[in-house]
Amino acid sequence: MEIIYAYTRKRSEFGRPCSFSDWPAKVTLDIPPEPSLADDFILRNPVCSSVQHGSDMSEHEVNTENVTVESRGVNHVEGGWPKDLNPQDVEQTARFRKRVEKDEHFVNTVVHLGPLMEHCVRQNNAIDIYEEYFEEEEVAEAEDEPPSAKTINVIRDPNLTKRTAAHLSWHPNTCKKLAVAYSSLEFQQNMKDMSFDSYIWDLENPSKPELVLKPSSPLVSLEYNPKDSHVLVGGCYNGQMAYWDTRKGGLPVEVSAVELSHRDPVYGTIWLQSKAGTECFSASTDGQVLWWDIRKLSEPTETLILDITRKGLLENALGAVTLEFEPTMPTKFMVGTEQGIVIACNRKAKTPLEKITSTYCSHHGPVYALARNPFYPKNFLTVGDWTARIWSEESKESSVMWTKYHLSYLTDGCWSPVRPAVFFTTRSDGTLDVWDFLFKQKDPSLSLKVCDEPLSSLRLQDNGCVVGCGSKLGTVTLLEISSGLCTLQRNEKNLVNAMFERETKREKILEARHREMRLKERARSEARLAEAESTLEESPQEVLKRARREFFEVIEAERTRAETKHLRGKVQGMGRTGSRHRDFLPWGRGQGSPSAFQVKDRVGEEVAAEGEESQLPKGKEEEEEQEEKDAA
């Protein structure tokens with residue numbers, strides 16, 4: 001038998017061991033470019049490459065023609081209107097309709113289009129191509145989903161010295177661009193090397209701003225023009241107004257004159273609904289509201305002083321912190337002030353004093369946010385101090401709904417553009433709160449800690465799904481809200497309307513009751529005041545006579561009481577002496593017995609004596625009783 005033994009050895013032990021060490025780089029081969037070879041290259045657009053793991057079985061290959069692909073987007077809006085006409089303005093559309101109906105070709109056009117429209121209407125009646133077959137299931141899934149939000153992007157201030165993201169503005173046509181106004185709002189905290197620049201960011205490339213806006217002073221407010229997305233208007237820290245055209249670069253096209261501008265930072269800037277789309281208005285803490293036309297931005301077209309005493313004095317004006325304008329109410333606007341008062345104004349009033357229509361005492365401190373409900377404009381939201389409040393125009397003394405008092409200060413707030421029952425608030429502790437008062441009234445439906453520093457600004461996209469939050473250190477956080485908070489729920493509008501009407505009616509009843517109580521208290525106070533005034537109307541001589549008369553009346557009463565007491569004492573003494581003498585009459589043996597009249601007089605005297613002597617001390621009463629028993 002053959003014995004075999006196999007010797008084994010690891011592969012790593014064979015050969016020379018590897019020794020790694022630092023070695024300078026060296027050029028192995030250098031091929032310089034030849035310009036003559038560039039003509040032989042052909043640009044391929046698009047470049048297509050394929051990977052096939054199986055073997056090619058065919059002897060022939062056929063390629064289709066190369067197609068150059070270009071991405072284009074179409075934004076469909078309400079058509080048929082001229083470019084200079086605002087479709088949301090009822091008066092402009094009515095005038096345009098009347099002018100078109102008077103045209104001689106109008107009848108022929110309608111007759112020609114009538115059969116085509118009739119065919120389309122009948123086709124739509126036959127079958128609804130937009131019918132949602134599974135709408136109920138989608139709504140049920142959205143209701144079951146808990147409220148949530150996730151961070152999709154973070155944009156930081158590129159400067160070393162961080163500034164506050166004071167205002168945000170979304171691009172009106174696409175939601176891929178965001179304009180951010182950066183400034184330091186702390187008093188006397190601006191450093192010498194602090195930048196004045198603000199930026200327009202492209203969300204697809206957030207590492208670098210798409211355009212740098214270079215104002216003469218840091219921007220506090222910045223807004224896109226809803227009619228022309230290339231134009232932006234901004235309010236500066238020194239009170240000036242400036243506007244930019246992104247097609248012309250980062251320098252402002254025109255800046256307002258310093259002597260005709262605001263005297264304080266411009267905290268609110270809003271575009272107006274006009275034919276040309278060039279009008280806007282602004283508000284500042286200097287107590288003025290100014291109207292501007294960017295075609296001539298050197299001076300304002302109109303001025304309003306926020307003096308609620310209606311005297312028109314600038315020294316009595318309240319400083320404006322925020323502005324609100326609803327396009328469906330083209331003549332009305334609202335101003336939130338530093339003193340916590342909301343001022344409702346009407347631009348088309350006959351006199352400047354009548355432009356201030358009403359006021360609402362809303363908060364203990366500045367009103368940092370003011371927004372009308374997009375579905376029910378008569379109800380508006382205010383944010384200030386530690387609460388957010390919902391008001392009705394019909395109830396001026398008290399808000400109809402309010403949140404609890406938070407531990408940290410509230411800094412901004414806004415409504416959801418797609419859900420009437422949802423609004424957002426930011427706090428100074430870096431928290432974003434989402435409120436849904438159909439679901440919860442006492443607590444927010446969603447509270448999210450966005451950052452450690454205070455949040456300063458808030459802005460939602462038009463679809464209500466993405467919210468941007470600006471912080472004190474210039475960081476803008478973009479959050480995507482869950483579908484349940486940005487999808488209109490079933491019967492939500494009717495429920496919200498019923499809740500607003502119910503709360504408004506309740507506040508009216510309470511206001512009437514409080515007004516009645518105040519009238520009663522005022523009547524009582526006026527009566528007390530009249531009595532006090534009548535007392536003060538007496539002359540010194542009359543006061544002296546009245547005091548002397550009252551003094552002598554008191555003396556006379558004391559003297560009468562003393563005399564009455566003295567006479568009563570004498571009567572009691574005489575009664576006791578007569579009783580003792582009668583008790584010891586000598587009616588003994590041989591003297592005869594008392595007559596019936598004597599017995600009767602004696603009993604009467606004893607009863608009288610008992611009544612008079614009931615005021616004596618207890619010891620003396622016992623002695624008298626003992627004497628009477630002995631005498632009997």
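Q: Why is arginine 559 called partly exposed?
A: In this predicted model, arginine 559 has a relative accessible area of 48%. Buried means under 20% and exposed means over 50%, with partly exposed in between, so arginine 559 counts as partly exposed.

Q: What makes the pair of glutamate 556 and arginine 559 a salt bridge?
A: The closest N and O atoms of glutamate 556 and arginine 559 are 3.9 Å apart. The cut-off is a side-chain nitrogen of Lys or Arg within 4 Å of a carboxyl oxygen of Asp or Glu, so the pair qualifies. Glutamate 556 is partly exposed, at 42% relative accessible area.

Q: Where do glutamate 556 and arginine 559 lie, and what separates them?
A: Both are in helix α5 (residues 540-583). Because they are 3 residues apart in that helix, about one helical turn separates them.

Q: How do you know that glutamate 516 and lysine 520 form a salt bridge?
A: Their side chains meet at 3.7 Å, N to O. The limit is within 4 Å, so this pair is a salt bridge. Glutamate 516 and lysine 520 are 4 residues apart in helix α4 (residues 492-536), which means a separation of about one helical turn.

Q: Is glutamate 503 buried or exposed?
A: Glutamate 503 has a relative accessible area of 14%. Buried means under 20%, so glutamate 503 is buried. Its salt-bridge partner, arginine 502, meets it at 3.5 Å, N to O, and is partly exposed at 49% relative accessibility.

Q: Which residues are linked with arginine 502 in a network of salt bridges?
A: Arg502 is linked with Glu503, Arg506 and Glu507 in such a network. The structure holds 32 salt bridges.

Q: Why is methionine 117 called exposed?
A: Methionine 117 has a relative accessible area of 52%. Exposed means over 50%, so methionine 117 is exposed. The residue is in helix α2 (residues 106-126).

Q: Which residues form a nonpolar patch on the surface with Met117?
A: Leu113, Leu116 and Val121 form the patch with Met117. Together the four have about 370 Å² of accessible area.

Q: What makes aspartate 197 count as buried?
A: The relative accessibility of aspartate 197 is 16%. Buried means under 20%, so aspartate 197 counts as buried. Aspartate 197 lies in the loop between β3 (177-183) and β4 (198-202).

Q: Which residues does aspartate 197 touch, not counting residues up to four places away in sequence?
A: With those left out, aspartate 197 touches Arg163, Tyr182, Val212, Leu213, Lys214 and Pro215. Contact means heavy atoms within 4.5 Å.

Q: Why are β22 and β25 said to stand at the edges of their sheet?
A: The open sheet has 4 strands in the order β22-β23-β24-β25, with antiparallel pairing. β22 (410-415) and β25 (446-449) each have a single partner strand, so one side of each is left without a neighbour in the sheet. Neighbouring strands of this sheet are turned by 15 degrees against each other on average, direction ignored.

Q: How do you know that β24 pairs with β23 and with β25?
A: Two strands pair if there are at least two bridges between them. β23 (residues 422-427) and β24 (residues 431-436) are joined by 5 bridges and run antiparallel. β24 and β25 have 4 bridges, also in the antiparallel sense. Both counts meet the cut-off, so both are pairings.

Q: Which residues are bridge partners across these strands?
A: Threonine 425 has aspartate 433 in β24 as its bridge partner. Threonine 431 has lysine 449 in β25.

Q: What makes β24 mostly covered?
A: Of the 6 residues in β24, 6 are buried. On one side these are Thr431, Asp433 and Trp435, and on the other Leu432, Val434 and Asp436. Both faces of β24 are covered.

Terms used: Residues are numbered from 1 along each chain as its sequence is written. This is a predicted model: local features need pLDDT of at least 70, side-chain atom pairs count only at pLDDT 80 or more; totals for chains, interfaces and linings use all residues. Side-chain values use heavy atoms; hydrogens and water are left out. Patches are made of residues with over 30% relative accessible area and no salt bridge: like charges are joined within 9 Å, nonpolar side chains (Val, Leu, Ile, Met, Phe, Trp, Tyr) within 5 Å. Accessible areas come from the Shrake-Rupley method with a 1.4 Å probe; for residues, only the protein chains shown count as cover. Helices (H or I, at least four residues) and strands (E, at least two) are DSSP runs, numbered from the N terminus. Buried means under 20% relative accessible area, exposed over 50%, partly exposed in between (1.4 Å probe, protein chains only). Axes are lines fitted to C-alpha atoms, for helices over the stretch in contact, and angles run from 0 to 180 degrees between N-to-C directions.
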